[in-house]
Amino acid sequence: MTPEQKIAELGLTLPEVAAPAGAYVPAVRTGNLVYTSGQVPFVDGKLQRTGKLGADLTTEEGAEQARICALNALAALKAEVGDLQKVVRIVKVVVFVASEPSFTEQPKVGNGASELLAEVLGEPGRHARSAVGVAVLPLDAPVEVELIAEVA
């Protein structure tokens, strides 16, 4: 089963790549690595949620937003390489979590992204990861995800 077929089996659709909100591109390939820009939880061009974890969103809601971000990152990756079957391995994922100062469940929020990547790509979707709490993200997004992938 291809990653695209797995996405469909999960009841998801690989979205169009979101237009950059600044002077950057959605993904860059150098050699056999692709770096995606940070992806926020856009669905059909609109943020699904805004606000901070620990105040406006629960950990579970944050994980769902991270899942959307990861799907958007896969879309940027596919746009750069043409086919998700070219993914050898997701090397690193960084999850930024807009959170209240007392919120400490950033890793659980990040699991939403990590679990989606493993579901879609299998073993090649397992990766190193950082989950970092931040004061605010662009457009008041609650979560932002970027990834580095090794491709064939």
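In what order do the five strands of the open sheet lie? This is a predicted model, in which local features need pLDDT of at least 70 and side-chain atom pairs count only at pLDDT 80 or more, whereas totals for chains, interfaces and linings use all residues. Residues are numbered from 1 along each chain as its sequence is written, and side-chain values use heavy atoms, with hydrogens and water left out.

**View 1. The open sheet of five strands.** The order is β1-β2-β7-β5-β6, with mixed pairing, where strands (E, at least two residues) and helices (H or I, at least four) are DSSP runs numbered from the N terminus and two strands pair if DSSP finds at least two bridges between them. The edge strands, each pairing on one side only, are β1 (27-30) and β6 (128-134).

**View 2. The pairing of β2 with β7.** Strand β2 (residues 33-36) and strand β7 (residues 143-151) pair in the antiparallel sense over three bridges, and valine 34 stands opposite alanine 149 in β7.

**View 3. Residues of α2 that meet α3.** The crossing of the two helices, α2 and α3, is right-handed, that is, the near helix is turned clockwise from the far one by less than a right angle.

**View 4. Serine 114 in helix α3.** Serine 114, which lies in helix α3 (residues 106-121), is buried, with a relative accessible area of 12%; buried means under 20%, exposed over 50% and partly exposed in between (1.4 Å probe, protein chains only). Leaving aside neighbours within four places in sequence, serine 114 is in contact with His127 and Arg129.

Terms used:
Contact means heavy atoms within 4.5 Å.
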